[in-house]
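Please open the model in your viewer and keep the selection tool at hand.

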Amino acid sequence: MKDKKYLLIPGPTQVPPPVVEAMSRPIIGHRSAEFQAIVERVTGKLKKVFQTKNDVFILGSSGTGALEAAVANLVNPGDKVLALSCGKFGERFRDLAKIYGGEVDFVDFGWGYDIDLKVVKKKLEENPDIKVVLATQNETSTGVQNDIEGLGKLVAQYEAVLAVDAVSGLAAIDLKTDEWHIDIVASGSQKALMLPPGLAFLSVSDKAWRKIEENTSPKYYFDLLKARKSIAKWNTAYTTPVSMVYGLDAALDMILEEGLDNVFERHKLLAKATRAAIQGLGLELLAPDDCASMAVTAVQSPMVVDADTLRKVLLRDYGVTFAGGQDAMKGKIFRIAHMGFADKMDVIIAISALEMALGKCGYKAELGAGVREAQMIFVGGEHA
């Protein structure tokens, strides 16, 4: 069946049938009392996933809109901003801060490496006038996961406000917003939250509100003060994507029914099996074990074939879609996502297709070698 496809990219991800079904419900007025009740209910569920008692907002936008909203409401022209990066999306956060007039101190830890908290501590000690710190929880461009717990507890000792890009990490990787002192968490619908693109989310701490209330940067759609005024009546400031909120309600039910701890353990197991399978095929991983993402695995393409050629064979012959590398990594790596509505068989399909595609591209690996390694992890996980 050539029409059957297997989507294994880090967004948009697969959408579960209950979510598709929910989004098919008839539209109601986005200012109606009935919809206000839905927004109130969904916001309560979102707070559980964010692990926060802070305000949480729903925006009609992609995840990048959440990042821009964070920057637009925090960064005044001339503010000193510490932007921490280990890949494409750390660079995006930096670029947004520059656009809003921030005086950006950009620290690039390198693609394939995580944030070094010792470097951050030194920066904060030497620059007590830093107003905002920007960081990425899960860098999908490299398959790296950062220590947000350590970062949050470090930044909390200073006047700076911490904003975290959790677009691809929320609901895949543990993130205790309040306990870890994260002032703004920005996320999006199309990753581990198992929805199509179209919704963005922000949680905002009291510390962040104090900075926001003093903000003078020009903004309109992403004005969080307007959002706060609207949410008091369980409205959004502008037209809400009604069907997407229906879907969000269903997706959150699935996540909370599984249990957050179980969701995180599932992602951890899928990542472990994927990495074991890749190593079983003799391929090299980009991120080391101590900072490997639980949501996406980045793999260095073998010398005999560039990653994009390999990806074309996977899609053409097996209907399997992997993500490619970005910028300097284009053609050098491919990325396998295992986030959101993903399970053990998604990994098995991904690895078995990869084994066959590698053979067609001239890389000789034993068929079944990677699948066997993944199976061993899964069997061990079942009997642990």
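Predicted model: local features only at pLDDT ≥ 70, side-chain atom pairs only at ≥ 80, totals over all residues.

Residues are numbered from 1 along each chain as its sequence is written, and side-chain values use heavy atoms, with hydrogens and water left out.

**Stop 1: helix α2**

Select residues 33–50. Helices (H or I, at least four residues) and strands (E, at least two) are DSSP runs, numbered from the N terminus.

Next, colour the buried residues of α2, namely Phe35, Ile38, Val39, Val42, Thr43, Lys45, Leu46, Val49 and Phe50. Buried means under 20% relative accessible area, exposed over 50%, and partly exposed in between (1.4 Å probe, protein chains only). Display the elements that cover these residues, including β2, β9 (184–188), β10 (199–204), α8, α9 (242–258) and α10 (260–280). The cover is defined by contact, that is, heavy atoms within 4.5 Å. Just after α2, select Gln51, which takes a positive phi of about 55°.

**Stop 2**

Two strands pair if DSSP finds at least two bridges between them. Strand β8 (residues 161–165) runs parallel to β9 and is joined to β9 by three bridges; Asp165 stands opposite Ala186. The pairing of β9 with β10 is antiparallel, over five bridges, and there Gly188 faces Ala200 of β10.

**Stop 2: a four-stranded open sheet**

Select the strands in the order β11-β12-β15-β14, which form an open sheet with antiparallel pairing. The edge strands, each pairing on one side only, are β11 (284–285) and β14 (323–324). Two bridges link β14 to β15 (residues 333–337) in the antiparallel sense, and Ala323 has Arg335 of β15 as its bridge partner.

**Stop 3: enclosed cavities**

Rolling a probe the size of a water molecule over the atoms shows where empty space is left. On a 1 Å grid over the protein atoms alone, a cavity is a set of points where a 1.4 Å probe fits but cannot get out, and a pocket is an open set with protein on both sides within 12 Å along at least five of seven lines; lining residues have an atom within 4 Å of a point. Grid points are joined across faces, edges and corners, and a volume is the space filled by probe spheres set on the points.

How many cavities of 30 Å³ or more does a search of the whole structure find? The search finds three. The largest cavity holds about 130 Å³ of space. Its lining has 14 residues, and Ile58, Leu59, Thr236, Ala237 and Tyr238 lie nearest its centre. The elements giving two or more residues to this lining are β2 (55–60) and α8 (224–231); β2 gives the most, with four residues. The lining comprises nine nonpolar, five polar and no charged residues. Ala, Val, Leu, Ile, Met, Phe, Trp, Tyr, Cys and Pro count as nonpolar, Asp, Glu, Lys and Arg as charged, and the others, Gly among them, as polar.

For the second largest cavity, of about 60 Å³, select its lining residues, among them Leu7, Ile9, Gln14, His338 and Phe341.

**Stop 4: the largest pocket**

Finally, centre the view on Lys268, Ala271, Lys272, Arg275 and Asp289, which lie nearest the centre of the largest pocket among its 20 lining residues. This pocket contains about 350 Å³ of space. Helix α10 supplies the largest share of the lining, eight residues, and α10 and α13 (369–382) each supply at least two. Seven of the lining residues are nonpolar, six polar and seven charged.
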